[in-house]
Amino acid sequence: MEFGSIKIKKEGDNMEYSDTITHKRGLFERLMSRSGVSGVVAANQMIAVWGTQGGVGASSLTAILAKLLHQWGFTVLVIEATPTGGSFLRLFAKKPVSEGLDTISRSYERLNTELESIRVNIIKGLSVLPKSGAPHNSQWIWQKEEVHEILRIAKKMASFVLVDTGHLSNDALARGALAEADHIVSVFRSTTIGLDSATRFYEHCKYANLNDKLVWVANQVHHTKNASLLGAIIGQKAEYSIPWNKGMENIDQGSAVPRNILIVAEKLLHNLISAPSSRIF
């Protein structure tokens, strides 16, 4: 039996179970050869990217991680949860939109349909649930149940959900993403003020029992020894350090990501999506 160009085996057709496993293993191996990830991958993950201050590069890193996952063959959905958002689409060379997460009615009966209506497809397999652009300013307080439902629906839309949470913890959508995420990538600068902000965020996560999810990324680093200072303060090592590169300033204008930054992002992703034996792709 054929459906379009896809052949479908009917019950009774001579196809062994082992053949099915072989075909699926072949698909998995092709995906892994594309990404360079060895072992098993945990799909259906949510990764929240938090900036300990404004302007530390959390949104840019979110876009880089999303593009990498898509290039590796996974479907990706990005949620622009930062309260000061509206411009995330520029990182994909698209203009802000007039309808977004801050303009939907939040009706449970229509939520699934409304999320689909504001979903912006960047390319097949990579999409964004954005906030509306600057001309529109719709504000409200998200309810915990609404946030949970949005995130639940989002997880069904793609293999990986990345959330640009921003740096303000007074928004329920950002807080909900931090609570439900599998990993929290915390981006900070290794300046004195940056270390203060990172320490405060660590204490917030510790109080909320989220500190085990934390992965620290020092961005715009001039001297690698500065990035190690955080470990001495909070006892958690910043394993990833993105060197300062003038090219980062132009990413939001469509410029290519410098190779030395991509290397760090690839290493980070490899470690995030590699699954323990109990979680399989």
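Between which strand and which helix is the loop with Ala 93 found? Ala 93 is found in the loop between strand E4 (76–80) and helix H3 (111–118). Helices (H or I, at least four residues) and strands (E, at least two) are DSSP runs, numbered from the N terminus.

The model is predicted; local features need pLDDT of at least 70, side-chain atom pairs count only at pLDDT 80 or more, and totals for chains, interfaces and linings use all residues. Residues are numbered from 1 along each chain as its sequence is written, and side-chain values use heavy atoms, with hydrogens and water left out.

Confidence was examined next. pLDDT is the predictor's confidence in each residue, from 0 to 100. The protein averages a pLDDT of 78. A score of at least 70 is reached by 74% of the residues. Over residues 1–28, pLDDT stays under 50. For residues 1–28 the model has 14 contacts (heavy atoms within 4.5 Å) beyond four places in sequence. The pLDDT is also below 50 over residues 277–281. That stretch has 12 contacts in the model beyond near neighbours in sequence.

Backbone angles came next. Most residues other than glycine have a negative phi. Ala 93 has a positive phi, near 60°. Its relative accessible area is 68%, so Ala 93 is exposed; buried means under 20% relative accessible area, exposed over 50%, and partly exposed in between (1.4 Å probe, protein chains only). The phi of Asn 209 is likewise positive and near 60°. Asn 209 is found in the loop between helix H6 (192–207) and strand E9 (214–221). Asn 209 counts as exposed because its relative accessibility is 66%.

Charged side chains were then considered. The structure holds four salt bridges, each defined as a side-chain nitrogen of Lys or Arg within 4 Å of a carboxyl oxygen of Asp or Glu. One of them joins Glu 149 and Arg 152, at 2.6 Å from N to O. Both residues lie in helix H4 (residues 144–155). They are three residues apart, about one turn of the helix. Glu 149 is buried, with a relative accessible area of 17%. Arg 152 has 34% and is therefore partly exposed.

Glu 116 forms a salt bridge with Arg 119. Their closest N and O atoms are 3.2 Å apart. Glu 116 counts as partly exposed, at 40% relative accessibility. Arg 119 is partly exposed, at 23% relative accessible area. Glu 266 and Arg 259 also meet through their side chains in a salt bridge, at 3.4 Å from N to O.
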